[in-house]
Amino acid sequence: MSEESYSLSGRVFHRLREDILSGKYHSNEELREKTIGDELGVSRTPVREALRQLELEGLVKIIPNKGAVVEGISQEDIKDIYEIRSRLEGLCAKRAAEHITQEQIEELEENIFLVDFHAQKGNYSQMLELDNRFHDILYEASKSRMLKQELSNFHHYVQRVRKITLSMPERVIKSNDEHRQILEALKKHDQLQAEQLATDHMLRTIANMDQYGWDNLLK
């Protein structure tokens, strides 16, 4: 493919991946090349290339003589992601405790304050953005490009579930309290405590999803 065609298929890929992860397309739904091409204003070629890339990520299954269907993210996938994240987030927090700057600490303090404020107002969309930012700062503070890349990808893959769980007031309060404890460990540059708290934070999220009910999360 030419560079222009590759760039186009890349844009189609990111659009389709976002639509699958956000729930626009559901598991086992057929993805028709022509329909998608018409919707996005592109030919079938970049759509076909994008679908092949999505198959490599496990989000789409291409069936011979039929076409592409959505695989999506299953309950098992989500649990796997959070278990892996728990280890990586712990390592990230451990690194961050060593390298974090005063400016980053102050930004995390402001983040926690703003979550408390918006929780009282019921502004759930702002809280999701703030939760994203808290973890982004943590990734940046770790000074590990590889950790930041992998954790950002995992974060993106469970965005739909996170949006639901962070709309529950009791979970928002508990999650922000857990963030506050992580921050205190970071301020003390206590690497082991920061690692354990960040790991526990992810594992509690799995327990919370079990309690909420997977049918509600994946419907």
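These notebook entries record what I looked up about charged residues and helices in this structure.

**Entry 1: ground rules.** I am working with a predicted model, where local features need pLDDT of at least 70, side-chain atom pairs count only at pLDDT 80 or more, and totals for chains, interfaces and linings use all residues. Residues are numbered from 1 along each chain as its sequence is written, and side-chain values use heavy atoms, with hydrogens and water left out.

**Entry 2: salt bridges.** I looked up the total and found 19 salt bridges (a side-chain nitrogen of Lys or Arg within 4 Å of a carboxyl oxygen of Asp or Glu). Side chains of opposite charge can pair when their charged atoms come close. I also noted a network of salt bridges that links Arg15, Asp19, Lys24 and Glu39.

**Entry 3: helix H9.** Helices here are DSSP runs (H or I, at least four residues), numbered from the N terminus. I checked aspartate 177 and arginine 180 in helix H9, residues 169-187. They sit 3 residues apart, about one turn of the helix. Their salt bridge has its closest N and O atoms 2.6 Å apart. For cover, I used these classes: buried is under 20% relative accessible area, exposed is over 50%, and partly exposed is in between (1.4 Å probe, protein chains only). Aspartate 177 has 33%, so I wrote down partly exposed. Arginine 180 is partly exposed too, at 28%.

I then found glutamate 184 and lysine 187, also in H9 and 3 residues apart. Their side chains meet in a salt bridge at 3.4 Å, N to O.

**Entry 4: from H9 to H10.** Which residue forms a salt bridge with glutamate 178? I found arginine 204, with the closest N and O atoms 3.9 Å apart. This pair links distant parts of the chain: arginine 204 is in helix H10 (residues 191-212) and glutamate 178 is in H9, 26 residues apart. Glutamate 178 is buried because its relative accessible area is 8%. Arginine 204 is partly exposed at 40%.

**Entry 5: helix H4.** I looked up a negative surface patch and listed Glu55, Glu71, Glu76, Asp77, Asp80 and Glu83. Patch residues have over 30% relative accessible area and no salt bridge, and like charges are joined within 9 Å. Helix H4 (residues 75-99) gives the most, with 4 residues. Glutamate 83 lies in H4 and is partly exposed at 39%. The buried residues of H4 include Ile78, Ile81, Tyr82 and Glu89.

Technical notes: Patch = residues over 30% accessible without salt bridge, like charges linked within 9 Å, V, L, I, M, F, W, Y side chains within 5 Å. Areas by Shrake-Rupley, 256 points an atom, 1.4 Å probe, with all protein chains shown as cover. Lys, Arg positive; Asp, Glu negative; His and termini not counted. Charge placed at Lys NZ, Arg CZ, Asp CG, Glu CD. Helix = DSSP H or I, 4+ residues; strand = E, 2+ residues; numbered from the N terminus.
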